[in-house]
Amino acid sequence: MTETVSTPKHRELSDGLYWTQECLPLGTLTELGQFDLEEWVEADEDVHGCQNAYLLSDERNLLFDTLTQPNGDDVVELIDDLLEGESLDYLVISHPEANHAGNTFTILDAYPDATLLVPGEAAGYGSGHGAEHELYHIASDTPADVDQVPNEIRYVEPGETIDLGTHTVEFEAPLFPDHSFTLWMSERTTNTLFTVDWMGFLHQSSNCVTLASDLDRDVAVEQVFRFHALAFPWMRFADLDAIERAVDDVRDRLDPDVIAPAHGMVMTDGLDTYLDRFLEAVEALSREGEPSNMESKLEYILRPPEVDR
């Protein structure tokens, strides 16, 4: 099983909106024997996790997330190609995790006039307890003194908008945060909702950078379950009624035409079907959090450490 992240692929979703994706092969079904994946993957087919970033090319250009550090130079080269000599005006970080923000300073170094937009305490989680985060820990090439970085660095909050020309983005409070600083984004012209970790799922190796509606096989609840079990451990103990109300909020208030996650395929058709599969997945996940199922896990966690004496 290889664990080397692929170089970024890309496709244009609509005029000026580009989807970039890098994949991490996780192994074949045989190697992932603990997964119940026969429904959507062949025995000798690699399963991929993925990381997405999105580029809006307009009168002003904006990149949402950075992909991972092994692809830093490739990401800059890809942005250069897609912008055809134009400069990057905004780099937006959805939250300060390495797989979302790892190339921050590589990209800022390539585009010294770009403004870095990051979610801060204004995201609604209050001050103190490290709420005013720094970006020092997200990349090995982080400068010793971020104050010396020539780029403007600005905190943004839900409700703030940026006019790019044809496109306008708005920052959204996440209805399903995986991280206390996570910030969603929407784009009004295409009515795209960028949901960061929410609505991610594993995919087959033959289906990289493929719209969910064009996949070889339909997205299975198992795919959605496996990803959210990893990225949203709190969902094991979530109030299912509250989860359903939040999904209704996505359907009724945000009402996107496109859902663009950071770790799955872009969904452009039949969004209600994918939202229903998420509800099935989180219902199954909640059963893992029931006391009878947690007992063995607690026994394992609380076992005496095995120490060589």
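Which residues of E9 point one way and which the other way, and are they buried or exposed? Thr168, Glu170 and Glu172 point one way from E9, Val169 and Phe171 point the other way, and all are buried. Buried denotes under 20% relative accessible area, exposed over 50%, and partly exposed the range in between (1.4 Å probe, protein chains only). In a regular strand the side chains alternate between the two faces of the sheet.

The model is predicted: local features need pLDDT of at least 70 and side-chain atom pairs count only at pLDDT 80 or more, while totals for chains, interfaces and linings use all residues. Residues are numbered from 1 along each chain as its sequence is written, and side-chain values use heavy atoms, with hydrogens and water left out.

**Strand E9 and its sheet**

Helices (H or I, at least four residues) and strands (E, at least two) are DSSP runs, numbered from the N terminus. Because 5 of the 5 residues of strand E9 (residues 168–172) are buried, E9 is largely enclosed by the rest of the structure. Two strands are paired if DSSP finds at least two bridges between them. Strand E8 (residues 161–163) runs antiparallel to E9 and is joined to it by 3 bridges; Thr161 has Glu170 as its bridge partner in E9. A hairpin is formed by E8 and E9, with 4 residues between them, and Gly165 in the turn has a positive phi of about 125 degrees. E9 also pairs with strand E10 (residues 184–187), in the antiparallel sense over 4 bridges, and here Glu170 is partnered by Ser186 of E10. E10 in turn is joined to strand E11 (residues 192–196) by 3 bridges, again antiparallel.

The open sheet has 5 strands in the order E8-E9-E10-E11-E13, with mixed pairing. E8 and strand E13 (258–261) stand at the edges with a single partner strand each, so one side of each is left without a neighbour in the sheet.

**Helix H4**

Helix H4 (residues 221–231) is mostly covered, 8 of its 11 residues being buried. Those buried residues pack against strand E12 (203–204) and helix H6 (271–288), contact meaning heavy atoms within 4.5 Å.

**Salt bridges**

A salt bridge is a side-chain nitrogen of Lys or Arg within 4 Å of a carboxyl oxygen of Asp or Glu; the count by this rule comes to 10.

| Salt bridge | N to O distance |
|---|---|
| Arg60 and Asp163 | 3.9 Å |
| Arg154 and Glu152 | 3.6 Å |
| Asp216 and Arg217 | 3.6 Å |
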